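Please read the points below alongside the coordinates. They are set out for a colleague who wishes to check each one against the model.

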Amino acid sequence: MARGILLINTNVARPPVSPIGLEYVGEALVEAGVPVQVLDLSFEADWRASLAGELAGQEPVVVGLTVRNTDDCSFASRWSFLPWLREVVIEVRKSSDAPVFLGGVGFSTLPEPVLRATQADGGIEGDGEEAAPALVNSLVKGEDITRLPGMVYWRDGGVVRNPRADVDLRHLPVPRRRLFDNVRYQQLGAMVGVETKRGCRQKCIYCADPVARGARVRLRPPETVVLELRDLLEQGVSWLHLCDSEFNLPLKHAKDVCRAIIDSGLGDRIRWYCYCSPVPFDRELARLMKGAGCGGINFGVDSLCDEQLQRLGRVHSEADVQQLVRLLRSERINYIFDLLIGGPGETEETVRVTVDRVREFGVSLAGIAVGVRVYPGTPLGKAVAGEVIREGLYPGADDYEQPVFYLSPSLGGSAGSLIERLVGDDTRFLTLGKPGEEGSYNYAGDELLSRLIGQGARGAYWDIIRRHLDGDI
Ligand code: B12
């Protein structure tokens, strides 16, 4: 391959998630005139042979791997994907002398630990649309890459991280979405991703989003979102998942995007799912979202106990959530509430209050994750680094190459049995357990979910699990 790049999707979890991040980078590279080759390991039965075949007789300037997930973020399984990524890096090096560079939201969340664990040559932190073409051009010209924004590289055995440069989404061309086989992803039950913005200015103490994407919110013009949706639909892709961390932040943008979809006539031809914050969420938004094809919403509720919500840095209250439930019910919106149990200050009492209120408010479906993933750079990570928090860490936070979790010491070893006791056999609760466990909504390798999809089930994975537990499928 002449002076180009080989992009490899390393996310092989089932049910699958299409590699939107790598596709956006790839389309930007094509736009910049860089020869692009892609290899999607998600579809390769013998990935070593496919990799060797792809590299045979080729001399790419660089090989780019996307690192979407560092692990499954479940305290119950603590399944790290870094050993797998290390294997891919080793395998690439058997067939090529090209440097191996990493990128992706998982990489951007933990750049140094991921680089150390995989021993790749470097990586790009944050947005890839401008950084990847800059990297290839610098390598082609033999220029120094250590000055490029977002570059993460080795120097004298240490890892150096250059400040990130956020792309202005208003000026990006509409991605063509033709580098990866999104139709095949959809056939395997994936909801194909689309973004409407990047960045989040909320201050939730555990969340890595402001770390990985920045705290400045950058909006895509709604018309370009619609053009991308229309193009995907013309290719046969109609099941979608928005990749915004919270679709309703800011509220006006969410409404503008929905109105643009409705005005374009796409609302009843596509079905999409998304994440939302419990506030701000009003009736107008609910109606617009439905009209624009929204099939279900995953709300990051975390807790239904005000003191705990404040400790987590959340801005909503239990009263806001109660009001939200009424609104969702009256507008017949399909939803799940994500609960996060075990943060700093959590006690058996605050957990009991939360579980009781799920029933009292009449919440139709709630997913419970026990144990908070700790990331450096978040308020929680900083409290751990500053030794403000010393207990409740699993394993210790001196080794971020392992997934690190925090669990409030006052719950300690009894958290699992406490949840079992409080929830009983109430099927309105799912738990973030190991992939494939009955009632678990861990999607990183869920055979039951894959089987249900194989039998024709479609939609958000939590919705498929819910319908299965209800005996509908
Ligand atoms: C939407 C979403 C989902 C949807 C996916 C639907 C879909 N079709 O995409 C669903 C609900 C299915 C889902 C599931 C899971 N998810 Co999820 N998800 C997200 C979310 C909100 C968006 C990800 C995304 O696509 N972003 C948009 C793209 C464009 O951005 P990007 O990938 O970062 O790519 C950019 C750059 O990173 C860079 N880049 C990307 N690749 C490369 C490669 C190179 C070489 C370079 C140079 C640059 C580069 O350029 C791109 C463009 O600028 C993120 C949180 C977030 N805000 O990012 C979590 C997130 C990625 N998910 C996460 C997790 C843990 C999971 C699950 C494992 C949970 C579980 N146990 O079930 C599963 C995994 C499923 C799977 N098979 O992978 C974590 C990963 C954290 C970590 N430590 O790695 C995140 C970060 C959320 C969080 N903070 O906890 N998820």
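This is a predicted model: local features need pLDDT of at least 70, side-chain atom pairs count only at pLDDT 80 or more; totals for chains, interfaces and linings use all residues.

1. Residues are numbered from 1 along each chain as its sequence is written, and side-chain values use heavy atoms, with hydrogens and water left out.

2. Helix H10 (residues 251–264) and helix H11 (residues 283–291) have axes that come within 8 Å and cross at roughly 35 degrees; helices (H or I, at least four residues) and strands (E, at least two) are DSSP runs, numbered from the N terminus. Axes here are lines fitted to C-alpha atoms, for helices over the stretch in contact, with angles running from 0 to 180 degrees between N-to-C directions. The crossing of H10 with H11 is left-handed, that is, the near helix is turned anticlockwise from the far one by less than a right angle. On the H10 side the contact (heavy atoms within 4.5 Å) is made by Leu251, Ala254, Lys255, Cys258, Arg259 and Ile262, and on the H11 side by Glu284, Leu285, Leu288, Met289 and Gly291. By class, the contact residues of H10 and H11 are seven nonpolar, one polar and three charged, where Ala, Val, Leu, Ile, Met, Phe, Trp, Tyr, Cys and Pro count as nonpolar, Asp, Glu, Lys and Arg as charged, and the others, Gly among them, as polar.

3. One runs from Leu249 to Pro250, with omega near -5 degrees, and Pro250 lies in the loop between strand S11 (239–242) and H10. The other joins Val279 and Pro280, with omega about -5 degrees, and Pro280 lies in the loop between strand S12 (271–276) and H11.

4. The largest pocket has a volume of about 550 Å³. A pocket is an open set of points on a 1 Å grid over the protein atoms alone, where a 1.4 Å probe fits, with protein on both sides within 12 Å along at least five of seven lines; lining residues have an atom within 4 Å of a point. Grid points are joined across faces, edges and corners, and the volume is the space filled by probe spheres set on the points. Of its 27 lining residues, Gly416, Ile419, Glu420, Thr431 and Glu437 lie nearest the centre. Strand S15 (366–370), helix H16 (415–423) and strand S19 (429–431) each supply at least two lining residues, and H16 gives the largest share, five. The lining divides into 14 nonpolar, eight polar and five charged residues.

5. The second largest pocket holds about 270 Å³ of space and is lined by 18 residues, of which Glu129, Leu172, Pro173, Val174 and Pro175 lie nearest its centre. Helix H1 (residues 20–31) provides the largest share of this lining, five residues.

6. The side chains of Glu23 and Arg177 form a salt bridge at 2.9 Å, N to O, the criterion being a side-chain nitrogen of Lys or Arg within 4 Å of a carboxyl oxygen of Asp or Glu.
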